[in-house]
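This report describes one protein chain, with attention to how its parts meet. The sequence and the model come first, and the text follows.

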Amino acid sequence: MTLPRLMPPASVDASSTDELRDEVRRFLAEQLAAGAFTPAVDGWLSGWDETFTAALAKQGWLGMTVPKEYGGHGRSFLERFVVTEELLAAGAPVAAHWIADRQIVPALLKSGTEAQRTQFLPQIVRGECFFGIGMSEPDSGSDLASVRTRAVAVDGGWSLSGTKVWTSGAHRAHAFIALARTAPADPAHRHAGLSQFIVDLRGPGVDIRPIISMNGAHHFNEVILEEVFVPDTMVFGEIGAGWQQVTSELSFERSGPERFLSTFVLLAAAAEHMAAHRTTRSNELGRIVARVAGLHHMSTAVAGALERDEPADVPAAVVKVLGTTTEGDIADFADLYVGGAAIVDPALAELVSSAVDQRPGFTLRGGTNEVLRGVIARGLGMR
């Protein structure tokens, strides 16, 4: 099973995206043949492989949308979308660079200073700088307006104290962008007084504690900041504009193909298994494949909107809710219809087991479905 071709906007040559997709597929086939990676569920979250990241950088597939003056490739969001889709569909280990490439690059281009862009973008393009996200906190869930991490102005910068949680890859990343309160909370204006800072995760005052998943995996962390000094040069965007910046960044986090392709490698394996054994569950399989195809086009449309710098928070939330629900349904479908038979196929059994283990987190990370339904309802009510 492979992903369908895209119909790109008029500004992008259709043949170029088809050629790019074929190029990525050939690369992945070569990597698989060489034993460079084993296809896995949730490779963008748990598949941390800096060697594979370096290989992608060599191909020119990191920082694709970064302008050439910062060492990038100046390509379109749609071309980047094609590459990321194929990597996810193959279950490739892309976690090392994922957050930096997906979220930090567009954030730096939009809100970063010239010095910050010059420092970080070339390193991200080369696959040498890895980032995390410092948004979520204990007891705040998806309600980012309730963050309690404080940033106090000091000589030459800011002192940050607080706790961030569910920070993917923090134990390996170089930095993260932390959301902190720089002004007292105002119940009447909950989103005011928030700011962002680029924090060195290997600097003094940073304590990173592992959060071990129930399957023994370690990709989540708790990050405790104790009077961590952040120089003025690492203030991200404008003081007090943190909420507006975060909202923009979340569109990239919520709308990407990882929100419906985390279990695609399992879906493809299950479909092949069912075809080989003539399993009579084609209706259920067809419905799931149709949902993935629809999400493929929805997510592509959001990528186009982001490239045009159009607001995309509501459609991104729709993609995230529908996509992560579909991912979980794929896990349940495979477990129900091929899980027992998978014992004769160790690779398929591992995919099923991993998907079932990861399933509870699908609709939580990046914002819970309940919160995102509120975002969608408010957004549609304003139109």
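Which residue forms a salt bridge with Arg 102, and how far apart are the closest N and O atoms? In this predicted model, the partner of Arg 102 is Glu 258, and the closest N and O atoms of the pair are 2.7 Å apart. The chain has 14 salt bridges by the rule applied.

**Confidence**

The mean pLDDT of the protein chain is 89, and 93% of its residues reach 70 or more. Residues 7–12 have a pLDDT below 50, and this stretch has 8 contacts in the model beyond near neighbours in sequence.

**Domains 1 and 3**

The domain assignment divides the chain into domain 1 (14–129), domain 2 (133–241) and domain 3 (246–380). Between the C-alpha centres of domain 1 and domain 3 the distance is 20 Å. Their contact involves 23 residues from domain 1 and 27 residues from domain 3. About 2100 Å² is buried between domain 1 and domain 3, with 64% of it on carbon and sulfur atoms. On the domain 1 side, Val 41, Phe 77 and Phe 81 account for 29% of the area buried against domain 3, more than any other three residues.

Polar links across this interface were also counted. There is 1 salt bridge between domain 1 and domain 3, and 5 residue pairs are in polar contact across the interface, both residues of each pair being at pLDDT 80 or more.

Three helices each supply at least two residues of the side of domain 1 that touches domain 3: helix 2 (43–46), helix 4 (77–89) and helix 5 (95–111). Helix 4 gives the largest share of that side, 7 residues. By residue class, the side of domain 1 that touches domain 3 comprises 14 nonpolar, 4 polar and 5 charged residues.

**Asp 49**

Asp 49 sits in the loop between helix 2 and helix 3 (50–59). Leaving aside residues up to four places away in sequence, Asp 49 touches Ala 36, Pro 93 and Ala 96. Asp 49 and Ala 96 are 47 residues apart along the chain, and their C-alpha atoms are separated by 6.1 Å. The side chain of Asp 49 also has polar atoms facing backbone nitrogens, as listed below.

| Backbone nitrogen | Distance to a polar atom of the Asp 49 side chain |
|---|---|
| Thr 51 | 3.1 Å |
| Phe 52 | 3.0 Å |

What lies 3.0 Å from the backbone nitrogen of Phe 52? A polar atom of the side chain of Asp 49 lies at that distance.

Conventions
Residues are numbered from 1 along each chain as its sequence is written. Side-chain values use heavy atoms; hydrogens and water are left out. Domain bounds come from an automatic or database domain assignment. Contact means heavy atoms within 4.5 Å. Buried area is the accessible area (1.4 Å probe) that two parts lose on being put together, summed over both. A salt bridge is a side-chain nitrogen of Lys or Arg within 4 Å of a carboxyl oxygen of Asp or Glu. A polar contact is a pair of N or O atoms within 3.5 Å; within protein, one must be able to donate a hydrogen and the other to accept it, and residues adjacent in sequence count only if both atoms are side-chain atoms. Helices (H or I, at least four residues) and strands (E, at least two) are DSSP runs, numbered from the N terminus. Ala, Val, Leu, Ile, Met, Phe, Trp, Tyr, Cys and Pro count as nonpolar, Asp, Glu, Lys and Arg as charged, and the others, Gly among them, as polar. pLDDT is the predictor's confidence in each residue, from 0 to 100.
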